[in-house]
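Q: Please take me through the labels used for this structure. For each one, I want the value and the rule behind it.

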Amino acid sequence: MSEALAAPDTTVDLAPRNPRELVLRNPVMAASGCFGYGQEYAQIIDVQRLGAFVSKGITPKPRAGNAMPRIAETPAGMLNAIGLQNPGIRGFLKKYPPIWQHWQVPAIVNISAEAVDDYAMMARLLDEAPGVAGIEVNISCPNIAAGGYCFGWDPEMSADVTRAVRAATTLPVIVKLSPGALDIIGVAQAVEEAGADAISLINTLVGMTIDTRTRRPVLANVTGGLSGPAIRPVAVRMVYQVAAAVKVPIIGIGGIASLNDALEFFLAGASAIQVGTALFVQPGILMRLIDEIEAYLAANGLNQLGELVGRAHPAHRADVTADSDVALAVAEG
Amino acid sequence: MQSAAGATMRPREFLAELLAIEPVMGDSAILTFTAPEGFAKAVGAGQFLDSLCRPESAHDPLLRRPYSICSVDRARNTFTILVRPYGRGSAWLINQPVGTLIDTLGPLGNRFEVQPKTNRLLLVAGGVGAAPLVLLAEEAVRRGQSVAYMMGAQNAEGLLPAHVLPEEVEYVVATDDGSAGAKGFVTDLVGEYLRWADQVFACGPEPMFRSLRRVVLANRIGNAPPVQVSLERTMACGLGACLGCVVETKHGMRTSCVQGPVYDMDEVIWS
């Protein structure tokens with residue numbers, strides 16, 4: 001770049017069809033369950049610079065969580081079965097939104113429940129809470145009314161939850177998809193139709209590891225959610241498929257640990273990304289990604305992040321030029 | 001649990017240069033590292049560091065490894081950790097050459113809390129649990145307090161070498177095979193020191209905690225002396241965010257990375 005240009009536009013509108021808006025300064029978000037309530041990392045990074053962060057999952061009632069061990073390291077990944085330890089929606093509302101209302105960074109609250117009415121109840125309570133910029137709905141929970149079958153594995157049940165939350169709040173609503181769904185495209189279309197402003201994916205994959213010395217499962221909960229670089233190709237594939245099937249913005253999640261990883265998700269069709277497990281390894285990664293994404297756009301002559309989004313899809317094949325090849329080479333370097 | 005000694009330091013990610021490797025306790029080693037400015041004066045016994053134990057850009061092993069700070073050299077601003085190569089991360093770390101830069105996060109966690117009226121400290125160590133109690137002994141000796149440092153191992157080779165501890169410390173050892181000190185468990189020796197000690201501090205494997213607790217409950221008068229334990233849990237974030245490393249206490253789940261690793265023995269719900 002010889003001539004001085006304005007900094008590339010990295011803003012992202014995650015709720016274009018919602019008057020309450022959810023506009024992020026940049027596409028880098030901290031993922032639910034990996035970032036506490038924002039304060040934990042505020043001692044080590046500038047949390048206010050983030051595009052947004054998503055809180056630990058909140059449930060209708062307080063939960064003590066699962067027995068230990070709750071985490072187990074696996075190849076290029078980890079399993080967790082924390083068990084949604086949290087103070088419950090009412091305890092949460094007293095403690096955190098009053099802090100967040102003085103923050104610049106949008107705080108998004110992740111909610112989990114085992115009944116449709118409970119999702120709606122929490123959304124209603126969050127609707128007028130100060131300092132809450134949006135809701136992320138975790139549908140990777142057992143539906144008690146359906147015998148414990150996961151909401152997020154079924155398009156109709158996923159739509160039921162989304163519709164109930166949508167009716168209970170005017171806040172931007174992000175629905176977080178479960179990779180356990182047999183038909184991820186069907187679920188994505190169902191939640192879009194039911195009123196989701198945006199879709200985030202993927203949640204963890206259910207996994208398990210066994211200690212061959214004790215001959216027992218490592219996790220007290222037996223199974224846990226697999227996260228980290230190990231799941232990234234699965235996540236990229238699902239983002240790619242869902243991006244071709246819905247119009248709402250997509251937030252890509254799954255093993256992002258570098259600029260190149262983030263670019264894969266943008267190219268697959270994500271407008272923003274969430275980073276989770278990599279935070280445990282590199283607490284500074286969110287700050288680095290913000291800088292590196294902006295530098296990448298500038299170095300490749302892109303004025304807007306949006307110019308990258310979905311570029312891996314066939315509809316864009318005609319656009320592929322020598323310039324794009326250079327861009328990718330830079331990303332890989 | 002937070003001592004008043006020195007200024008506190010917020011956790012940070014830094015590159016620590018490996019300066020020296022001293023083999024100890026058979027297969028283990030004490031590693032000496034450089035530290036960020038002011039670090040050695042700011043940290044306290046019980047606090048730990050979370051080290052990346054793999055080559056840069058690799059994803060395996062994924063997570064950082066927690067190591068208690070074993071000692072500090074305030075004049076040179078260096079610190080040591082005690083590494084036993086029983087996991088993949090530690091096996092990698094202990095084999096790095098001098099000069100390697102290790103990505104380190106810390107200082108993390110709370111500290112052993114020595115009460116103002118305490119003059120006599122009984123420290124009970126097992127295995128790599130010896131590490132945080134070395135720093136506690138250094139701090140106590142600097143304050144002019146009396147320290148009895150007890151350590152148990154299978155044999156003489158498994159014990160921390162005496163020169164690692166300040167000269168003023170009374171070092172009492174027990175071995176399973178009687179090759180050094182008393183034959184038997186270190187916790188067998190605790191009973192006779194309980195009347196002497198104003199406070200007890202312990203770090204070691206779970207079975208050691210269980211037998212220590214039995215001895216303490218059988219011998220102490222009322223709640224005296226109070227016992228603080230440093231507990232190790234598998235850990236991910238180190239910053240209190242992921243809730244992967246909790247310890248169940250009478251006041252609910254407490255993270256061992258921020259609200260621990262040091263707990264009052266009587267507050268912990270022992271399984």
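Q: What makes β10(B) and β11(B) count as paired?
A: This is a predicted model, and in it 2 bridges join β10(B) to strand β11 (residues 182-183) of chain B. Pairing needs at least two bridges, so β10(B) and β11(B) qualify. The two strands run parallel. B:Thr175 has B:Lys183 in β11(B) as its bridge partner.

Q: How do you know that β9(B) pairs with β10(B)?
A: Strand β9 (residues 146-153) of chain B is joined to β10(B) by 6 bridges. The rule asks for at least two, so they pair. They run parallel. In β10(B), B:Val173 is the bridge partner of B:Met151.

Q: Why is β10(B) called largely enclosed?
A: Strand β10 covers residues 170-175 of chain B, and 5 of its 6 residues are buried. Buried means 20 or more other C-beta atoms within 10 Å. The strand is therefore largely enclosed by the rest of the structure.

Q: Why is B:Ile102 called partly exposed?
A: B:Ile102 has 19 other C-beta atoms within 10 Å. Buried takes 20 or more, and exposed takes 12 or fewer. The value 19 lies in between, so B:Ile102 is partly exposed.

Q: Where does B:Ile102 lie, and what is it in contact with?
A: B:Ile102 lies in strand β7 (residues 101-108) of chain B. Leaving aside neighbours within four places in sequence, its contacts include B:Leu15, B:Phe33 and B:Leu52. B:Thr34 is 68 residues away in sequence, with 9.9 Å between the two C-alpha atoms.

Q: What makes β4 and β5 of chain B edge strands?
A: The sheet is open, with 7 strands in the order β4-β3-β7-β1-β2-β6-β5 (chain B). β4 (65-68) and β5 (71-73) of chain B each pair on one side only. Pairing in this sheet is antiparallel. Neighbouring strands are turned by 40° against each other on average, direction ignored.

Q: How do you know that β5(B) and β6(B) pair?
A: They share 3 bridges in the antiparallel sense. At least two are needed, so the pair counts. Strand β6 spans residues 78-83 of chain B. In it, B:Thr80 stands opposite B:Ser71.

Q: Which helix lies across β4, β5 and β6 of chain B?
A: Helix α3 (residues 130-142) of chain B does, running at about 45° to β5(B).

Q: How do you know that the span of α7(A) is close to the expected one?
A: Helix α7 (residues 232-243) of chain A has 12 residues. The expected span is 1.5 Å times one less than the number of residues. That expectation is 16 Å, and the helix reaches 16 Å from its first C-alpha to its last.

Q: What do the buried residues of α7(A) pack against?
A: They pack against α6 (184-193), β12 (198-201), β17 (250-253) and α8 (259-268) of chain A. Among the buried residues are A:Ala235, A:Val239 and A:Tyr240.

Q: What makes up the side of domain 1 of chain B that touches domain 2 of chain B?
A: 15 residues of domain 1 are in contact with 16 residues of domain 2. β2 (28-34), β5 and β6 of chain B each supply at least two residues of the domain 1 side. By class, that side has 9 nonpolar, 5 polar and 1 charged residues. The domain centres, taken over C-alpha atoms, are separated by 24 Å.

Methods. Residues are numbered from 1 along each chain as its sequence is written. Chains are lettered from A and ligands numbered from 1 in the order in which they are written. This is a predicted model: local features need pLDDT of at least 70, side-chain atom pairs count only at pLDDT 80 or more; totals for chains, interfaces and linings use all residues. Helices (H or I, at least four residues) and strands (E, at least two) are DSSP runs, numbered from the N terminus. Axes are lines fitted to C-alpha atoms, for helices over the stretch in contact, and angles run from 0 to 180 degrees between N-to-C directions. Two residues are in contact if their C-beta atoms, placed from the backbone, lie within 7 Å. Domain bounds come from an automatic or database domain assignment. Ala, Val, Leu, Ile, Met, Phe, Trp, Tyr, Cys and Pro count as nonpolar, Asp, Glu, Lys and Arg as charged, and the others, Gly among them, as polar.
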